[in-house]
Amino acid sequence: MKLELTMFNTTAIAILILFLGSYVKSKIEILRKFCIPVPVVGGLIFTIFTLIGYTTNIFSIKFDFTLSDFFMLAFYTSIGFTASISLLKKGGIKTIKLLIVSSILVVLQNGIGVIICKILGINPLIGIATGSIPMTGGHGTSAVFAVPLENLGLSAANTITLAAATFGLVAGSLTGGPLGRYLVEKSIKNNKVNHNQKVNTNINEETENKLSAKGFEQAIFLLLLAMALGTIISMLLGKTGLTFPASVGGMLASAFIVNIKNFDRLYPIKYSEIHIFGEISLAIFLSMSMMKLKLWQIIDLAGPMLILLFAQVILIIIFIIFIAFPVMGKDYEAAVTCSGFCGYGLGAVPTGVANMDTLTEKYYPAPESFFIVPLVGSLFINIVNTFIITFFMNVV
């Protein structure tokens with residue numbers, strides 16, 4: 001039996017997957033502990049369902065993912081509105097340092113992936129698909145870059161990147177806590193703990209406003225205009241002969257708008273409403289991406305993928321101990337920050353925040369870490385990561 005769905009039916013299935021994922025996650029503690037995203041929970045269940053249909057030949061479903069590109073572009077365009085230069089300056093020198101070490105890690109994640117693939121004699125694109133795309137990027141970036149990777153010849157890119165991203169979430173949780181505790185104890189032995197440190201900067205000061213119906217109208221209008229401008233930028237970038245995901249144009253367009261001096265006086269930028277619409281778009285887009293998973297495509301790659309993924313875990317542990325921790329100051333705040341860095345370097349910012357929560361509950365508050373980790377992990381590294389991934393895709 002073959003079932004063909006319209007783009008509206010496909011979107012409805014994606015919403016039902018979100019409902020299912022939310023319900024299952026609320027009932028299973030381990031899913032909440034490891035901060036597994038709702039679309040991933042529901043999507044994996046749906047993937048098993050489609051796997052049964054494929055292996056038994058009882059049924060198959062043909063989806064229409066036309067709206068997937070819209071939701072993807074809406075999310076990444078919303079990210080660009082957070083790329084305020086003034087916000088980066090507000091974070092201070094430690095924010096710049098964390099962004100720099102995060103960027104270096106992104107390069108190493110892709111580099112080691114490509115090198116191992118060449119040693120194993122497999123497609124180097126698999127190394128990129130298990131590098132910074134799923135690790136630093138997470139599920140959202142994985143779903144976005146699956147398309148250009150498929151265009152370059154990696155047919156199972158969507159399944160590989162999303163499977164790697166799920167591995168990264170769990171690895172980030174299991175690794176970040178113990179690594180953070182080790183670094184905290186090390187900082188205490190070095191007498192580098194400041195219990196009275198206070199940070200007055202709040203990441204939400206510049207990017208929050210009171211929600212209103214008029215605000216949502218203004219936000220969505222501006223977001224749609226930025227998306228349109230982004231498609232023009234993407235078209236121009238495409239003329240260079242290089243491969244760029246559609247998300248790049250949207251991010252550049254909104255980042256350009258938000259950094260125009262006094263633009264907010266001409267047209268109010270409703271950051272909170274833009275963020276909400278972006279998060280909704282991400283949830284639907286990610287749910288649709290999980291619907292595309294075809295687990296039977298990566299059976300032959302199971303061994304090489306495990307080697308690549310465990311190499312990423314070893315890489316970030318060594319990188320944090322010998323590079324990130326010293327660069328961030330070797331003190332208590334640096335230890336907590338590195339625990340969060342491990343979380344989003346292998347999985348996602350919520351994983352990093354959960355790691356930091358665990359440490360501060362046992363030891364002392366770390367207000368500086370709770371500012372700079374979400375600032376870099378949620379905002380700026382996504383933009384840097386996009387361009388570094390694009391570079392690797394075009395040179396491999």
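Predicted model: local features only at pLDDT ≥ 70, side-chain atom pairs only at ≥ 80, totals over all residues.
Asn262 lies in the loop between helix 11 and helix 12. Phi of Asn262 is near 65 degrees, a positive value in a residue that is not glycine. Is Asn262 buried or exposed, or in between? Its relative accessibility is 43%, so Asn262 counts as partly exposed.

Lys330 sits between helix 14 (302-328) and helix 15 (332-346). Phi of Lys330 is near 60 degrees, again positive in a residue other than glycine. Lys330 has 39% relative accessibility and therefore counts as partly exposed.

Now turn to a buried residue. Ser287 is part of helix 13. Its relative accessibility is 0%, so Ser287 counts as buried. What does Ser287 touch, leaving out residues up to four places away in sequence? The partners are Ala14, Ile17, Leu18 and Pro39.

Helix 13 (271-291) also meets helix 10. Start with the length of helix 10. This helix has 26 residues, 213-238. At 1.5 Å a residue, helix 10 should span 38 Å. The C-alpha atoms at its ends are 37 Å apart, which agrees. Several residues of helix 10 are buried, including Gly215, Ala219, Leu222, Ala226, Gly230 and Leu237. What do the buried residues of helix 10 pack against? They pack against helix 4 (66-80), helix 11 (246-258), helix 12 (263-266) and helix 13.

Next, follow a crossing of two helices. Helix 9 covers residues 157-189, and helix 16 covers residues 349-362. Their axes come within 9 Å and cross at roughly 35 degrees. The crossing is right-handed. On the helix 9 side, the residues in contact include Leu169, Gly172, Ser173, Gly176, Gly177 and Gly180. On the helix 16 side they are Thr351, Asn355, Thr358, Leu359 and Lys362. By class, this contact has three nonpolar, eight polar and two charged residues.

In soluble globular proteins, nonpolar side chains tend to be buried together. The largest nonpolar core in this model has 90 residues. Which of its members touch the most other members? They are Leu98, Ile128, Ile160, Ile320, Phe341 and Tyr344. Take Leu98 as an example. Setting aside neighbours within four places in sequence, Leu98 is in contact with Met328, Thr337, Phe341, Tyr344, Ile372, Val373 and Val376.

Notes. Residues numbered from 1 in each chain as written. Heavy atoms only, no water. Core = buried A, V, L, I, M, F, W, Y, C linked by side-chain atoms within 4.5 Å. Buried < 20%, exposed > 50% of the residue type's maximum accessible area, 1.4 Å probe, protein only. Contact = heavy atoms within 4.5 Å. Helix = DSSP H or I, 4+ residues; strand = E, 2+ residues; numbered from the N terminus. Expected span 1.5 Å × (residues − 1). Axes fitted to C-alpha atoms, helices over the stretch in contact; angles between N-to-C directions. Left-handed = near helix turned anticlockwise from the far one by under 90°. Nonpolar A, V, L, I, M, F, W, Y, C, P; charged D, E, K, R; others polar.
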